[in-house]
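Welcome! Let us take a walk through this structure together, one piece after another.

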Amino acid sequence: MTGRDRSWSSNAVKSAAASGATIRGVHFTFPAPTAIEVLAPLELDFVYLDGEHGSFETRDLDVSCLAAERYGMVPIARVPDRTSGTIIRFLDRGVRGIVLPHVCSVDDAKDALDAIYYRPLGNRSFGGGRPHFLSIEDLPAHLAMCNAAVSVGVMIETASGLEAAADIARLEGVDYLSFGMNDLAQDLGHPGEPNHPEVQRRFKACAERIRAAGKPVREDFMKFAWINQVILAGARQFIETPTGQAY
């Protein structure tokens, strides 16, 4: 994405989900704010902090969000669970996009949306949080800005989630949906086989229903690499080929 607004009140992920513009980022499974800084010349749009399968503690969220914000990247995070307390902890630390895992029904999605948004869209608890500890002059306007600047992705990882996906996509406040293909394959009776024909058939049919309901799936607008892949690819280039050089 070029020429975008990188201010805190904007969200490249939310905007791209609505417009279809392509955005780029890196998926972190461990806290590495220095790596976020090193990647800054790539002008990434977002960093994805994996709070479900990654090793992020509360203080790690703080420093990761600080590093991302410094270089105009939107910090989004997959939360480890969909409880209100967990969602609020991530948002109050500066995360500006929530990815909800294991959503199996409309009610699952509604409960999480209630924790993500302030009224009138939800019932999020207010307690300050960074980066606005002491700088809120107009609280109603601030809450409205927070609602407008947070992105929400819903993960479909079960057969029941597949059935509910189109109705979930129609919910106000849901920006896009994605699939946990390994968990989905396991739930469909094909553990370890995300490319099994039945898994692929049901995934593709569900993705079309989501699009027909007016929302994109993640792959429609989002490109990202896992930090593990980035490190390995870079190391191979400089260690295993003659072009590598030391500084």
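We can begin with helix H1, where Ala12, Val13, Lys14, Ala16 and Ala17 are buried. Please keep in mind along the way that this is a predicted model. At the start of H1, Asn11 places a side-chain oxygen within 2.9 Å of the backbone nitrogen of Val13. Just after H1 comes Gly20, whose phi is positive, about 90°.

From here, let us turn to the sheet. In which order do the seven strands of the open sheet stand? The order is S6-S5-S4-S3-S2-S1-S7, and the pairing is parallel. Strand S6 (176-179) and strand S7 (222-226) stand at the edges with a single partner strand each, so one side of each has no neighbour in the sheet. From one strand to the next, the twist averages 25°.

Look next at a pair of strands inside this order. Strand S4 (residues 97-100) pairs with S5 in the parallel sense, over four bridges. Val99 has Gly153 in S5 as its bridge partner. Helix H4 lies across S3 and S4, and runs at about 150° to S4. Helix H10 (residues 227-239) also packs on the sheet, where it touches strand S1 (23-28) and S7. The direction of H10 makes about 65° with that of S7.

Now follow the chain from strand S3 towards H4. The loop between strand S3 (74-78) and helix H4 (84-92) holds Val79. Is Val79 buried or exposed? Val79 counts as buried, because its relative accessibility is 0%. Leaving aside neighbours within four places in sequence, Val79 is in contact with Gly51, Glu52, Thr86, Phe90, Ile98, Val99, Leu100 and Pro101. Val79 and Ile116 are 37 residues apart in sequence, and their C-alpha atoms are 12 Å apart in space.

In soluble globular proteins, nonpolar side chains tend to be buried together. Here the largest nonpolar core has 54 residues, and those with the most contacts inside it are Phe28, Leu100, Ile116, Leu177 and Phe179. Apart from this core lies another one of 14 residues, among them Val74, Ile76, Met155 and Tyr176. When neighbours within four places in sequence are left aside, Ile116 is in contact with Ile87, Leu91, Ile98, Leu100, Arg124, Val150 and Val152.

Strand S6, at one edge of the sheet, is where Ser178 is found. Ser178 counts as buried because its relative accessibility is 1%. Leaving aside neighbours within four places in sequence, the residues in contact with Ser178 are Val154, Met155, Ile156 and Arg218.

Helix H6 (residues 139-149) is our next stop. Which residues of H6 are buried? They are His142, Leu143, Cys146, Asn147 and Ala149. These buried residues pack against helix H1 (12-19), where our walk began, and against strand S5 (151-156). The N-terminal end of H6 is capped by Asp138, with a side-chain oxygen 3.2 Å from the backbone nitrogen of Ala141.

A few loops deserve a visit too. In the loop between helix H5 (106-116) and H6 we find Pro120. The peptide bond from Arg119 to Pro120 is cis, with omega near 15°. His102 has its place in the loop between S4 and H5, and has a positive phi of about 55° although it is not a glycine. His102 counts as partly exposed because its relative accessibility is 29%. Glu43, in the loop between helix H2 (33-38) and strand S2 (46-50), has a phi near 55°, a positive value in a residue other than glycine. At 54% relative accessibility, Glu43 therefore counts as exposed.

We finish in the loop between helix H8 (181-187) and helix H9 (197-212), where Leu188 is found. Why does Leu188 count as buried? Its relative accessibility is 12%, and buried means under 20%. Not counting residues up to four places away in sequence, Leu188 touches Ala159, Leu162, Glu198, Val199 and Arg202. Leu188 and Gly173 are 15 residues apart in sequence, and 28 Å apart in space from C-alpha to C-alpha.

Technical notes. Residues are numbered from 1 along each chain as its sequence is written. This is a predicted model: local features need pLDDT of at least 70, side-chain atom pairs count only at pLDDT 80 or more; totals for chains, interfaces and linings use all residues. Side-chain values use heavy atoms; hydrogens and water are left out. Buried means under 20% relative accessible area, exposed over 50%, partly exposed in between (1.4 Å probe, protein chains only). Helices (H or I, at least four residues) and strands (E, at least two) are DSSP runs, numbered from the N terminus. Contact means heavy atoms within 4.5 Å. A polar contact is a pair of N or O atoms within 3.5 Å; within protein, one must be able to donate a hydrogen and the other to accept it, and residues adjacent in sequence count only if both atoms are side-chain atoms. A nonpolar core is a set of buried Ala, Val, Leu, Ile, Met, Phe, Trp, Tyr and Cys residues joined through side-chain atoms within 4.5 Å. Two strands pair if DSSP finds at least two bridges between them. Axes are lines fitted to C-alpha atoms, for helices over the stretch in contact, and angles run from 0 to 180 degrees between N-to-C directions.
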